[in-house]
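I opened this entry to write down what I looked up in the model, residue by residue and then for the whole chain.

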Amino acid sequence: MSARLNAPFTALLAAALFGAATPFAKALLGTLSPFMVAGLFYLGSGVGLAITILVRKLRLSNDERANEGQIHLREVPWLLGAIVTGGVAGPALLMLGLNATPAATSSLLLNLEGVFTALIAWIVFRENVDAQVFLGMVAIVAGGVALSWHPGATSVPLGALLVAAACACWAIDNNLTRKVSTNDAMVIACLKGLTAGAVNFVIALLLGAQLPHAGIMAAAMVTGFAGYGVSLVLFVVALRNLGTARTGAYFSVAPLFGVTISLILWPEMPPLLFWVAAALMALGIWLHIRERHDHPHTHQVLEHNHRHRHDEHHQHEHDFEWDGEEPHVHPHRHAPITHTHAHFPDIHHRHSH
């Protein structure tokens with residue numbers, strides 16, 4: 001797969017895993033409290049990623065172990081904000097909303113996360129948006145509206161508002177996570193999972209919830225590891241390579257995966273609007289994939305730490321003995337450079353226009 005398609009594929013895979021987790025969460029809510037489900041999902045995410053990180057460290061060289069997973073002190077507030085909004089408030093609101101909303105409807109409402117994410121990225125953080133990207137986002141949103149449309153509905157149920165509030169929390173989380181996306185994605189997701197899992201789990205116990213049977217607990221944690229943990233790792237990697245708004249747009253198709261799983265678990269014939277929505281979302285993804293943003297731009301001095309190859313943006317010397325292996329990770333400094341090539345608003349292209 002080409003490098004240009006690799007980043008969108010990463011974002012879509014993150015969306016698929018997260019979208020699939022929603023109907024399974026709905027099924028678990030029949031036996032567990034909302035906070036218990038959120039706690040087990042995130043604990044499964046954090047514990048699973050912690051084990052993965054430990055296994056990976058055993059396979060790294062001493063130099064890579066020293067550089068891998070470092071988070072600079074100045075980035076800690078951004079990470080804490082992301083954990084609170086996306087790891088604590090978001091899942092709690094979602095589980096409360098799921099408890100009062102049909103599974104398919106809840107899955108479709110999650111489309112709002114991408115909308116809120118893009119709006120915050122464009123308005124607050126001034127991320128570049130081209131007409132084609134905007135139209136792609138409109139197509140994806142239109143697909144979400146078609147999926148969630150209920151003729152004759154005159155009011156918005158409380159459950160739907162809670163799911164929408166969860167999406168707003170995750171949108172803030174996504175934009176804050178962008179600030180730390182150069183760091184190890186697995187470490188970021190692990191910290192979120194352990195913190196959010198512990199908080200929601202304690203809340204569940206304080207509210208009188210009982211520990212579930214071992215089988216149910218294991219199922220919830222495995223679902224959380226895939227749908228929240230692995231999905232978040234892929235999402236952070238996509239943020240690093242695509243920027244926030246574009247990653248959020250791709251992630252907006254998560255409801256389509258959620259609806260598909262919901263229809264398998266609770267079988268019924270998909271209505272016409274389902275196929276209309278699928279076509280609109282496919283159109284939106286196509287518009288994003290075919291985007292080509294190309295103009296002369298200048299890179300200012302930049303210092304950060306992430307896994308990289310020595311491409312045109314990483315022509316630097318090493319202050320340690322390097323064995324020539326790529327990709328590798330270490331703190332490095334970018335010298336100023338002006339050139340022209342197609343690019344996304346990734347970690348190396350956050351310039352004004």
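**Aromatic rings**

I began with Phe134, which counts as partly exposed because its relative accessibility is 44%, where buried means under 20% relative accessible area, exposed over 50%, and partly exposed in between, with a 1.4 Å probe and protein chains only. I note here that the model is predicted, that local features need pLDDT of at least 70 and side-chain atom pairs pLDDT 80 or more, while totals for chains, interfaces and linings use all residues. Residues are numbered from 1 along each chain as its sequence is written, and side-chain values use heavy atoms, with hydrogens and water left out.

How many aromatic pairs does the structure hold? I found seven aromatic pairs, taking rings of Phe, Tyr and Trp (its six-membered ring) as paired if their centres lie within 6.5 Å, with planes under 30 degrees apart counted as stacked, over 60 as edge-to-face and the rest as tilted.

Trp122 sits in helix H6 (residues 112-123) and Phe134 in helix H7, 12 residues apart, and the pair is recorded as linking distant parts of the chain. Trp122 is buried, with a relative accessible area of 13%. I also noted a cluster in which ring pairs link Phe18, Phe41, Tyr42, Trp170, Tyr228, Phe235 and Phe251.

**Core and contacts**

The largest nonpolar core has 70 residues, and Tyr228 is among those with the most contacts inside it, as are Met36, Val37, Phe41, Leu94 and Met95; such a core is a set of buried Ala, Val, Leu, Ile, Met, Phe, Trp, Tyr and Cys residues joined through side-chain atoms within 4.5 Å. Leaving out residues up to four places away in sequence, I listed the residues that Tyr228 touches, including Phe18, Phe41, Leu94 and Met95, where contact means heavy atoms within 4.5 Å.

**A kinked helix and a loop**

Helix H4 (residues 76-98) has 23 residues and reaches 31 Å from its first C-alpha to its last, close to the 33 Å expected at 1.5 Å a residue. In H4 I found a kink of about 35° at Gly90, shortly before the proline Pro91, the bend being the angle between axes fitted to the seven residues ending there and the seven starting there.

Asp319 lies in the loop between strand E2 (302-308) and strand E3 (328-334), and is exposed, with a relative accessible area of 77%.

**Whole chain**

The protein has 13 helices and four strands, and buried residues make up 52% of its 353 residues.

Terms used:
Helices (H or I, at least four residues) and strands (E, at least two) are DSSP runs, numbered from the N terminus. The expected span of a helix is 1.5 Å times one less than its number of residues.
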